[in-house]
Amino acid sequence: MKVLWIGGWGTSPKWGLTAARRWRPAWKHEWIIPGPECAVHADGSHDWVGGYSFGAFLMLCNIDDFPAKQGHFYLAPFLDLKREAGLGGLIATTQLKVTRRWLERDASKAVSNFYKQAGLNLQLEDGLPYKLEDLIWGIEALLGDAAPPPIGDPGFAVFGSKDPLVDSNVTKQFFPKNTVLEGEGHRLEALCNALNL
């Protein structure tokens, strides 16, 4: 099986691939940073295309741009991260704007603060996880319009009931096939373990 992953904001391919390979070691995994060109990697050759957090949001914005032979899956997906939108996101618009400004002043601290806020046990090791311009693009995308509600069955979604970024009770209604992991948060490894593909 060949899987294309669209990563979460501020998460490195190395970190994502480690979790993906632990989940399905025999499968071939490709982890793409969530930037403006991420859809070009979805060339129709992958059995599955999945998105984690912000990567899931980008897929939901233009699902036709992410063809897959077998289907799609989403870990900690949301249609709009902004709390004020009422679509399940739990982050205040003000906080996103603060992060955007912080990226200009001290990008490493901005990303580290996000890890803490998301409950991810991550440390920046070798500088930023990917290019600063893509990190800024991501925050601007999160400040923009919501993804359209999926039509029909978009694919399988996994949520953590204690996710500090996404309210599963609100967001799961958009995914007929979903699993909510009791007591879990935003951690990729835990969410992967509930994926039964």
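## Terms

A pocket is an open set of grid points with protein on both sides within 12 Å along at least five of seven lines. A cavity is a set of points where a 1.4 Å probe fits but cannot get out. The model examined here is predicted.

## The largest pocket

The largest pocket holds about 320 Å³ of space. Its lining counts 14 residues. Closest to the centre of the pocket are S12, K14, W15, Q123 and E125.

Helix α1 (residues 13-23) gives the largest share of this lining, with 3 residues. By residue class, the pocket lining splits into 6 nonpolar, 5 polar and 3 charged.

## The largest cavity

How many cavities of 30 Å³ or more does the whole structure have? The search finds 1.

The largest share, 5 residues, comes from α3.

Which residue classes make up the lining of the largest cavity? It has 10 nonpolar and 4 polar residues, and no charged ones.

## The two linings

Charged residues number 3 in the lining of the largest pocket, whereas the lining of the largest cavity has no charged residue. Nonpolar residues number 6 in the pocket lining and 10 in the cavity lining.

Terms used: Residues are numbered from 1 along each chain as its sequence is written. This is a predicted model: local features need pLDDT of at least 70, side-chain atom pairs count only at pLDDT 80 or more; totals for chains, interfaces and linings use all residues. Side-chain values use heavy atoms; hydrogens and water are left out. On a 1 Å grid over the protein atoms alone, a cavity is a set of points where a 1.4 Å probe fits but cannot get out, and a pocket is an open set with protein on both sides within 12 Å along at least five of seven lines; lining residues have an atom within 4 Å of a point. Grid points are joined across faces, edges and corners, and a volume is the space filled by probe spheres set on the points. Helices (H or I, at least four residues) and strands (E, at least two) are DSSP runs, numbered from the N terminus. Ala, Val, Leu, Ile, Met, Phe, Trp, Tyr, Cys and Pro count as nonpolar, Asp, Glu, Lys and Arg as charged, and the others, Gly among them, as polar.
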